[in-house]
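Please have the sequence and the model open side by side before reading on.

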2 protein chains.
Amino acid sequence: MFFKLNPTTGQPLYLQLMQQIRHAAETGALQDGDQLPGIRTLAEELVVSPNTVAKAYSELEHDELLELRQGSGAFVTVKRRTRSLTDHVQLARRRLRGLIEQLREDGLLDEEIRRAFEAELLHPAEVVRE
Amino acid sequence: MFFKLNPTTGQPLYLQLMQQIRHAAETGALQDGDQLPGIRTLAEELVVSPNTVAKAYSELEHDELLELRQGSGAFVTVKRRTRSLTDHVQLARRRLRGLIEQLREDGLLDEEIRRAFEAELLHPAEVVRE
DNA sequence: TACGCTGTATCGTAACAGAGGTACAGTTCT
DNA sequence: AGAACTGTACCTCTGTTACGATACAGCGTA
């Protein structure tokens, strides 16, 4: 599987995993009916406790993005809205990719880019220095 | 002051505050020698415990971005590298702003945009579906 | 000097994240 | 039926976050 967790960001691991699974569904990388790796398997790959994966899975089940069938596994259930949005999300990925590349070439660190991004998302309009 | 914390993201409040102060210094919104609000004042504004602000401040002092003078206050100390980068960061902000605006108009939610951003930052190159 | 501001330090408490382990229950396949 | 897989449910332990409150220490000014 194509997930990667970063223990240094301060964000809980199970949340990071949830976001990445969500995003995979939004881009179409995960499609309706796809089966996810087993809790123990994925936990071993990501080098985290099985509990952490289990928590992510069950939260996503509560959000109706996964269906957990005891004995058989975890399966993706993508709703219509998400499905109609995949194109937009994929386009967004490509645009973001281009911009991030440029910013990196300007010598910006990922951390700096992330801070600028979060700031922009938080304060839709803002004056830099009054 | 122009800070805002979000208790729902899972990211520690003191880290969020640190990032925002850092970013303010990177854009030039906070300049060398500027004085930050007092611990208690800021804590009250943000509706958090003074301990939380104190932790953010002292971590930033350890990172040499703040100078804490007992009795007088917290002051910004911006190094040369950061100073030479403000233009790039401000430009980045503007570019990100434009892109985010577009994506919102496409009907994407902030959460979806953030997931796409984080995914792109994490996997510089990636195939969407193999 | 005395007051009011600053940051510093330390309690105690609560909640949560995460690791690690164990046992149980349903499904699938042989 | 039985083995091997799945998720489910507990428990204990450790570390971190955050709150609340208290006391202390340095600085500046009236």
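Two strands count as paired if DSSP finds at least two bridges between them. In this predicted model, β1(A) and β3(A) are joined by 2 bridges and run antiparallel. Because the cut-off is at least two bridges, β1(A) and β3(A), with 2 bridges, qualify as a pair. A:Q35 has A:F75 of β3(A) as its bridge partner.

This pair belongs to an open sheet of 3 strands in chain A, with the order β1-β3-β2 and antiparallel pairing. β1 (35–36) and β2 (66–69) of chain A are at the edges, and each has a single partner strand, so one side of each lacks a neighbour in the sheet. In general, the strands of a sheet pair through backbone hydrogen bonds, in either a parallel or an antiparallel manner.

Next comes the contact between the two protein chains. On the side of chain B, 41 residues are in contact with 41 residues of chain A. The elements of chain B that give two or more residues to this side are α1, α4 (80–105) and α5 (110–122). The largest share, 12 residues, comes from α5(B). By class, the side of chain B that touches chain A divides into 17 nonpolar, 10 polar and 14 charged residues.

The axes of α1 (residues 13–27) of chain A and α5(B) come within 10 Å and cross at roughly 100 degrees. That angle is why α1(A) counts as roughly perpendicular to α5(B). From α1(A), the contact is made by A:Q19, A:Q20, A:R22, A:H23 and A:E26, and from α5(B) by B:E112, B:R115, B:A116, B:E118 and B:A119. These residues divide into 2 nonpolar, 3 polar and 5 charged.

Which residues come nearest to DNA strand D? Of the 26 residues around DNA strand D, they are A:G38, B:P12, B:L13, B:S49 and B:G71. The elements that give two or more residues to this surface are α2 (39–46), α3 (50–62) and β3 (73–76) of chain A, along with α1 (13–27) and α3 (50–62) of chain B.

Notes: Residues are numbered from 1 along each chain as its sequence is written. Chains are lettered from A and ligands numbered from 1 in the order in which they are written. This is a predicted model: local features need pLDDT of at least 70, side-chain atom pairs count only at pLDDT 80 or more; totals for chains, interfaces and linings use all residues. A residue is near a molecule or strand if its C-beta atom, placed from the backbone, lies within 6 Å of it. Helices (H or I, at least four residues) and strands (E, at least two) are DSSP runs, numbered from the N terminus. Two residues are in contact if their C-beta atoms, placed from the backbone, lie within 7 Å. Ala, Val, Leu, Ile, Met, Phe, Trp, Tyr, Cys and Pro count as nonpolar, Asp, Glu, Lys and Arg as charged, and the others, Gly among them, as polar. Axes are lines fitted to C-alpha atoms, for helices over the stretch in contact, and angles run from 0 to 180 degrees between N-to-C directions. Angles under 35 degrees count as roughly parallel, over 145 as roughly antiparallel, 65 to 115 as roughly perpendicular and the rest as oblique.
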